[in-house]
Amino acid sequence: MKSLTLLAPAKVNYLLEVIRRRPDGYHDLRMVMQRVNLCDTITITLTETPDISVNCGKRGVPDGPGNIAWKAARAMLDLTDHGQGAVIDITKNIPVAAGLGGGSSDAATVLMGMNELLGLGLLEQRLMEIGVTLGADVPFFIFQKTALAEGIGEELTTMPAMPAAWVLLVNPGVHVSTAWVYRSLQLTNRAGLDKLPELFRSVEDICSIFSNDLETVTIPAFPVIAEIKETMLREGAAGAMMSGSGPTVFGLFRDRESAERARNVLTQETGWFTAVVETI
Ligand code: ATP
């Protein structure tokens, strides 16, 4: 039986601007998205029977057709007439519903893995078209580069090279519904960052674009998000912000030691999920 094991990385948002509400219920966004090396592990095994099964074993993540990885496998198997199926084993290391894009990354990884296992030879553009039908962030994980994402997230442009950084992730574990965040957002005509820099020489240059419109909803409801940002800055982060619709907060550090020091402070007595990772 043909099988493939792949890593599905998480992402953080260096920039997240909500431009407008669209008639279809989605929002037009402008985001700068960066992958980090906190990864789910996914093993895909092709089977001779037509069913798909997902084994994830993580609370809050469905194992059947509700899993976005299941939907990705279905989309790819529907392109063949061999009557094959797949077993997908997922080890979830990325916190769930955390603003780190874990589900989208799993889906993108299954699309790319199935493309290879089934020998379909679909090009990146086609995989991204299939991906956006599963979730707005899926194309970014197929793109596999630091990107400016526009539209609902599917219009991707490569960002200029950025220096590598150490990233401290802290998830306080409060439940934040993405749908609630977008529903509650007051769209203002505030001028966003007009033009993105063309050169990023330092970690500070990266932090100069930090902005997340969704913090206007989450921080008043969950002040702990602002408290984590303040602690990270006090402990030496060059910048700190909420990722996606939260609640995970990330800080950028110039070196591993200072990221670890800040992690120790934030882990003490809280029991929160924390990780020090690198940009990829
Ligand atoms: P984003 O940053 O794109 O908003 P997120 O990190 O906040 O995403 P996910 O971890 O992708 O959120 O999970 C969102 C929801 O999707 C969860 O409620 C979960 O039950 C469901 N889900 C379905 N499949 C998966 C998967 N493979 N991994 C994680 N969550 C999944």
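Q: Where does alanine 97 sit?
A: Alanine 97 is in the loop between strand S4 (85-91) and helix H2 (102-117). Keep in mind that this is a predicted model.

Q: How far is a polar backbone atom of alanine 97 from an oxygen atom of the ligand?
A: The distance is 2.8 Å.

Q: Ok, the ligand then. How many residues surround it?
A: The ligand is surrounded by 20 residues. The closest are Gly60, Lys92, Ala97, Gly101 and Gly103.

Q: And what is the distance from glycine 60 to an oxygen atom of the ligand?
A: A polar backbone atom of glycine 60 is 2.5 Å from a ligand oxygen.

Q: What about lysine 11: which part of it is 3.4 Å from a ligand oxygen?
A: The side chain of lysine 11, through an N or O atom.

Q: Back to the backbone. Is the peptide bond from glycine 246 to proline 247 cis or trans?
A: Cis, with omega near 5°. Most peptide bonds are trans.

Q: Where is proline 247 found?
A: Proline 247 is in the loop between strand S9 (239-242) and strand S10 (249-253).

Q: Switching to domains. What does the assignment give?
A: Two entries: domain 1 (3-158) and domain 2 (166-278). Over C-alpha atoms, the centres of domain 1 and domain 2 are 23 Å apart.

Q: How many residues does each domain put into the contact?
A: Domain 1 gives 25 residues and domain 2 gives 32.

Q: How much area do domain 1 and domain 2 bury between them?
A: About 2300 Å², with 60% of it on carbon and sulfur atoms. On the domain 1 side, Tyr14, Leu16 and Arg21 supply 26% of the area buried against domain 2. That is more than any other three residues.

Q: How many salt bridges and polar pairs cross the interface of domain 1 and domain 2?
A: The rule finds 0 salt bridges there. It does find 12 residue pairs in polar contact across that interface.

Q: Which elements give two or more residues to the domain 1 side?
A: Strand S1 (3-21) and strand S2 (27-47). S1 has the largest share, 10 residues.

Q: And how do the residues on that side divide by type?
A: On the side of domain 1 that touches domain 2, there are 14 nonpolar, 5 polar and 6 charged residues.

Q: Last topic. How many salt bridges does the rule count in the model?
A: The count comes to 13.

Q: Which residue pairs with glutamate 17 in a salt bridge?
A: Arginine 30, with a side-chain N to O distance of 3.0 Å. Glutamate 17 is in strand S1 and arginine 30 is in strand S2, so the pair links distant parts of the chain, 13 residues apart.

Q: Why can side chains like that pair up?
A: Side chains of opposite charge can pair when their charged atoms come close.

Terms used
Residues are numbered from 1 along each chain as its sequence is written. This is a predicted model: local features need pLDDT of at least 70, side-chain atom pairs count only at pLDDT 80 or more; totals for chains, interfaces and linings use all residues. Side-chain values use heavy atoms; hydrogens and water are left out. Domain bounds come from an automatic or database domain assignment. Contact means heavy atoms within 4.5 Å. Buried area is the accessible area (1.4 Å probe) that two parts lose on being put together, summed over both. A salt bridge is a side-chain nitrogen of Lys or Arg within 4 Å of a carboxyl oxygen of Asp or Glu. A polar contact is a pair of N or O atoms within 3.5 Å; within protein, one must be able to donate a hydrogen and the other to accept it, and residues adjacent in sequence count only if both atoms are side-chain atoms. Helices (H or I, at least four residues) and strands (E, at least two) are DSSP runs, numbered from the N terminus. Ala, Val, Leu, Ile, Met, Phe, Trp, Tyr, Cys and Pro count as nonpolar, Asp, Glu, Lys and Arg as charged, and the others, Gly among them, as polar. A residue is near a molecule or strand if one of its heavy atoms lies within 4 Å of it.
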